[in-house]
Amino acid sequence: MNKKSHNAHGAVVVATGLLLALATLPAQAVWYSDDGSIELRGFIDSSTYARDGVGLSKQRIQGQLEFFKDFRPSGGLFSELSLGGVLRLSYDAVYDLNDDEYGKKAGGPRNFPAPGNPAFFAALNGGAPPFPDAPTNPQYAGAFGPESLGANGAIPLPGTGGSIASPGNPNDGLRFAAEDLYGYGDGGTVLATPVRPCNIDSRGCIKDYMDRDLDELRFREITDDLDWLRELYLNATIPLKGGQHELAFRIGRQQVVWGRTDLFRVLDVVNPIDFGRQNIYAEFEDSRIPQGIVNIEYRFGATRLFEDINVQLLYKFERFRPHDLGQGGEPYAVLGAGNLFRALKNCYDNGCTVWNFPVTGTAVDFPAGSIGIRDVRIPDGEEFGARIEGVFKGVGFSLNALYFYSQFPSLRGGIPVKNPFAPPGGAPGDPRFYPYNFGFDIEFPRLLMFGGSADWYWDRAKTSFRVEMSYTQDEEFADTLSPRLFSKSDVYRWVVGFDRPTFIPFLNKTRAFLISGQVFGQHLLDHRTSSTNSAGLPSLGGDLGFQDHESNIFLTLLIQGNYLNDRLTPTLLAAYDTEAEAGVVGPSVEFKPSNHWYFKLGLNLKWTSGGPPVADDNRTANIFPPATCAPPLAAAGSPLCNAPYSSLGLEGFEPLGRFRAGPIGTAAREDELQFIVRYQF
Amino acid sequence: MNRMTAFTAAALIAAHGTATAAVPEDVIKASFYPYADGAPQHEGYTPGMHVSADNVDQIKDILDPFTYRYVKQGWYEFDTTETFPMTLHPNYIEATRQYGDQVTLSDQGVIENFRAGRPFPQEPDPDDPWAGTKLMWNFQRSINAGDSETIYPFWWTFRNANTGKTERQIRFHWHFLNWKHRTIFEPENIEPNPGEIFRSIYSTVLEPFDLANTQLLIYRYENDLQRDDGWLYLGFQRRVRRLASGQITDAFLGTDAMIEDFEGYNGRISDYNWKYAGTQYILMPYEKHNEQKVLDSEPAGDRDGFRFIAFGGKGNCFPQVTWQLRKAYIIEGSPKDPNHPLSKRLIYQDAETATLPLVVLYDKKGDPWKYFPICKTHSDYHLPVNKGKGVALDDCALFFDEQAMHCTTLQFKSSINAEDNRPNIFTVQQMRKKGR
């Protein structure tokens with residue numbers, strides 16, 4: 001056992017011992033100071049998740065302490081003055097206990113068949129292949145050469161000036177960027193990604209965005225952003241008009257929750273989400289990333305027209321933070337985006353081997369600085385929000401607006417690169433913008449969202465309903481018809497949900513089950529596709545243009561029962577992505593034997609109908625004319641070969657199929673058994 | 001004091017421009033002073049006697065059948081005390097005197113022409129098909145929580161009735177506010193009130209951690225035919241969730257109570273058919289808190305030195321308070337909704353205060369299910385803030401599920417005050433504000 005693993009085992013033993021020791025303590029309630037003005041509460045828990053085919057995917061020991069101090073102002077300006085906060089620390093031992101999956105031993109060399117290499121090499125050289133024994137087992141970052149010389153590998157494009165393999169970019173510590181998602185049977189483009197923590201292998205790490213080292217993965221809250229200080233805010237309320245109205249402030253790091261919807265974020269977009277923390281479709285309370293916000297409310301209370309009405313203004317003063325999507329190599333990474341980004345970043349920084357490029361069955365080495373992700377641009381502008389919320393004739397409603405930056409990244413093409421088909425040093429004028437090239441910067445576009453929500457109760461159906469909708473301007477999506485490979489689109493999202501307590505007598509005669517369902521829709525209003533490319537050539541595969549679905553519908557269903565006075569709570573949660581034809585079902589049982597102990601055992605099972613979705617992967621674009629011109633056109637001497645044109649539509653899962661697969665489809669191979677034990681006080 | 005000055009008889013008279021008392025004094029006396037001519041008596045019963053399995057048969061006629069069975073089985077023993085009046089606040093009585101003859105019922109049994117006080121102070125008429133409904137209106141428009149009540153701390157304890165083991169304990173902070181027809185605190189009607197809310201309940205869970213910050217808000221509207229609105233703030237979601245009315249008749253947070261059970265009955269009058277089933281002298285848990293022989297050791301360190309009513313008996317489910325012989329109206333309620341979990345809600349309404357200190361519930365098959373006594377203390381014998389409020393104050397309660405042999409015991413520290421219950425805390429926004 002290595003030292004780290006030993007430490008991990010030790011930590012687990014200590015945590016387990018601590019939990020057992022707590023069990024022997026007399027019942028401890030929330031702690032209050034003698035005058036009752038200070039309260040402390042919290043928990044320590046252990047989460048053990050095991051993933052099918054992988055083993056341990058989470059072994060997290062976590063402690064959380066919530067505190068609140070009421071200053072109890074008597075007289076003066078404020079009717080309320082208080083300080084609240086939440087501290088959280090966790091240690092995930094999976095990076096030590098399962099370090100060949102997620103830790104410093106993760107990944108390895110990657111090899112793949114490339115029978116098309118000789119022909120492609122011949123094409124590159126304008127003649128017959130130079131080597132009689134064509135390689136059939138090229139390796140990532142290998143040097144293409146006679147196998148008899150022991151130098152098999154991918155074809156280095158001319159711009160590489162030789163092998164991209166080097167001590168700094170070895171064929172080790174790698175995985176295919178989507179190998180945990182599907183089996184690469186579609187012949188589409190494949191990239192390899194480094195997967196070890198960034199202090200072990202810095203390749204592909206994106207500074208200030210996806211660059212966690214081993215300790216930052218183990219101790220997720222120990223970051224430069226002081227994420228252990230999860231929340232810290234000051235509440236102040238100034239009574240006005242004899243106390244009928246209130247002007248209230250909550251200033252500090254906090255969660256601001258908008259909307260009325262479970263699982264979907266239509267209006268609940270003020271705080272970003274840490275998708276790397278836990279699996280999809282868990283409660284957002286634990287995965288929202290609290291931010292420093294000035295939250296001002298003017299509460300009118302009841303007026304002549306409304307039972308309740310208030311106006312809220314938000315200003316984020318802490319630096320912009322995007323969603324944490326999980327970096328390459330983490331067990332939880334929504335859409336597998338972290339792997340893709342790390343692979344692309346490594347391509348730009350060090351060069352990389354791309355399998356099935358330019359056609360299925362070949363593998364080429366791209367030099368550094370020609371494709372991939374160059375940089376990330378974290379915006380530093382202002383973010384504002386406003387909301388009017390109230391109750392009118394028993395109907396709760398809100399109108400919301402947020403001027404913010406997208407928390408999802410946009411890969412904006414158009415960065416200057418070197419032509420990999422030119423000799424080392426690039427073509428004349430390099431580096432420059434090559435239309436349709438895979439060279440990107442990650443940016444977070446400025447967005448403006450308007451929306452609203454309502455809830456009401458319909459007595460005849462014994463059901464409460466909620467609706468929520470939003471209209472967001474200028475979101476950005478991958479678009480293979482665009483020279484920069486992205487386009488803007490306005491997006492309309494909506495959700496309709498219901499809650500209905502329903503007695504199911506044969507399951508429980510005395511306690512109703514909560515049945516809760518939701519339908520969520522997303523529509524890209526400026527979605528465009530075409531069957532012909534920018535040069536008027538017909539697609540060889542699917543639609544060109546936007547690869548996200550123009551419209552999509554998600555369905556969710558929750559059935560929750562309660563037994564033993566709600567101390568035993570079985571739950572069935574299911575979600576289905578209609579376009580991806582992917583679903584997840586999550587049965588679980590919670591048991592609370594006392595005020596202090598909480599146990600949860602759950603399964604998280606996903607399925608998809610058919611294979612992984614494919615999308616135009618842009619490999620057939622004529623990015624570096626004439627080298628990347630389609631062979632039939634080149635053979636015919638077409639003048640089209642001399643100018644860039646957009647993709648001809650050959651498809652594969654990578655890179656854009658993941659957006660069609662959605663968060664459920666990309667996690668289809670992440671079936672898990674989950675167990676949580678918590679001591680709370 | 002004196003918050004009640006605005007509702008003096010003079011003010012009422014001035015408002016209506018007449019100096020003539022509308023309700024005959026003998027009706028007022030019978031309704032509000034039933035013990036003016038002496039305490040009730042019953043053969044075999046002596047105030048001060050200790051009631052146990054050994055002697056319960058001799059007083060069977062002055063016990064409800066549930067209490068009798070439990071005592072007979074040896075599950076519960078209690079002391080008794082002299083009957084003492086719990087005279088309601090004079091403003092409430094005066095309002096009744098002025099307006100008690102104006103109130104009528106619609107064809108649907110909905111109260112009309114009501115301003116304040118007890119709507120139907122007259123003795124129930126067995127031949128009146130609406131007699132039961134009128135008694136329930138007397139309860140709903142009573143000062144059960146004195147226009148404005150706060151209960152803090154308020155502990156609900158889950159107990160295994162067989163073993164006495166405490167399973168869970170939920171600690172609450174509750175607020176009750178009457179928006180209309182107020183007689184103790186100004187104003188008579190809180191404005192603005194565009195939704196025409198009659199009454200609001202707002203509560204917050206303080207413990208345990210997994211339920212902490214859960215908040216409940218209920219609006220009962222002046223129009224009894226209008227469905228209640230309810231919202232639940234879930235701390236683990238940090239979001240307000242609209243309640244479906246089905247949740248009103250479902251176990252509340254895993255307790256043995258439904259939201260509909262709060263205070264004896266917390267639904268719309270129009271949700272049930274109510275039948276007056278007679279008048280009876282019966283033992284009920286009315287007491288003087290400060291004179292109880294035994295009190296709980298909790299809440300420890302209370303700044304007022306307050307101690308909860310203790311529980312004991314079978315499974316530690318039964319309140320250790322004194323009972324007394326009082327005049328009660330028996331009301332049988334049958335839910336109109338065929339999907340309602342109950343077949344019958346049998347209520348023993350205290351005639352003097354119109355509160356509901358004894359409620360028993362029958363399941364859909366008609367079998368005895370739950371026993372729900374609410375201890376009421378004289379408000380002069382409780383916290384100093386309650387002195388002179390003229391309210392039969394909630395002091396303890398028990399939800400006993402005899403089929404599951406499980407109980408939830410409720411321990412109150414109630415205070416009648418206006419300061420803690422500003423109207424703007426009874427808003428959905430308050431739940432978000434308070435939410436953590």
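This is a predicted model: local features need pLDDT of at least 70, side-chain atom pairs count only at pLDDT 80 or more; totals for chains, interfaces and linings use all residues.

Trainee: Okay, how many helices and strands does chain A have?

Mentor: Its secondary structure comes to eight helices and 33 strands. The radius of gyration of chain A is 28 Å, close to the 26 Å that the globule rule gives for 681 residues, so chain A is as compact as a globular protein of that length.

Trainee: And what does the C-alpha trace of chain A span along its principal axes?

Mentor: About 90 × 60 × 55 Å.

Trainee: What share of the residues in chain A count as buried?

Mentor: 50% of the 681 residues do. As for contacts in chain A with a separation of 6 or more, 66% are between residues 24 or more positions apart.

Trainee: Now the five-stranded open sheet in chain A: what is the strand order?

Mentor: The order is 5-13-12-7-6, with mixed pairing. Strand 5 (155-156) and strand 6 (174-176) of chain A are the edges, each pairing on one side only.

Trainee: Which way do strand 5 and strand 13 of chain A run, parallel or antiparallel?

Mentor: They run parallel, and two bridges join them. You can find P156(A) opposite D365(A) in strand 13 of chain A.

Trainee: Which helix packs on that sheet?

Mentor: That's helix 6 (residues 337-350) of chain A, which touches strand 7 (190-194), strand 12 (352-355) and strand 13 of chain A. The direction of helix 6 makes about 90° with that of strand 7 of chain A.

Trainee: Switching to chain B, is strand 5 there mostly covered or mostly open?

Mentor: Mostly covered: strand 5 of chain B covers residues 148-160, and ten of its 13 residues are buried.

Trainee: What does strand 5 of chain B pair with?

Mentor: One partner is strand 6 (residues 166-178) of chain B, in the antiparallel sense over ten bridges. There, E149(B) stands opposite F176(B). Another partner is strand 20 (residues 406-416) of chain B, also antiparallel and over ten bridges. In that pairing T157(B) stands opposite T409(B).

Trainee: Back to strands 5 and 6 of chain B, how many residues lie between the strands in their hairpin?

Mentor: Five, and in this hairpin G164(B) takes a positive phi near 80°.

Trainee: And where do side chains go in a regular strand?

Mentor: In general, they alternate between the two faces of the sheet.

Notes. Residues are numbered from 1 along each chain as its sequence is written. Chains are lettered from A and ligands numbered from 1 in the order in which they are written. Helices (H or I, at least four residues) and strands (E, at least two) are DSSP runs, numbered from the N terminus. The radius of gyration is taken over C-alpha atoms; the globule rule is 2.2 Å times the number of residues to the power 0.38. A residue is buried if 20 or more other C-beta atoms lie within 10 Å of its own, exposed if 12 or fewer, and partly exposed in between; C-beta atoms are placed from the backbone. Two residues are in contact if their C-beta atoms, placed from the backbone, lie within 7 Å. Two strands pair if DSSP finds at least two bridges between them. Axes are lines fitted to C-alpha atoms, for helices over the stretch in contact, and angles run from 0 to 180 degrees between N-to-C directions.
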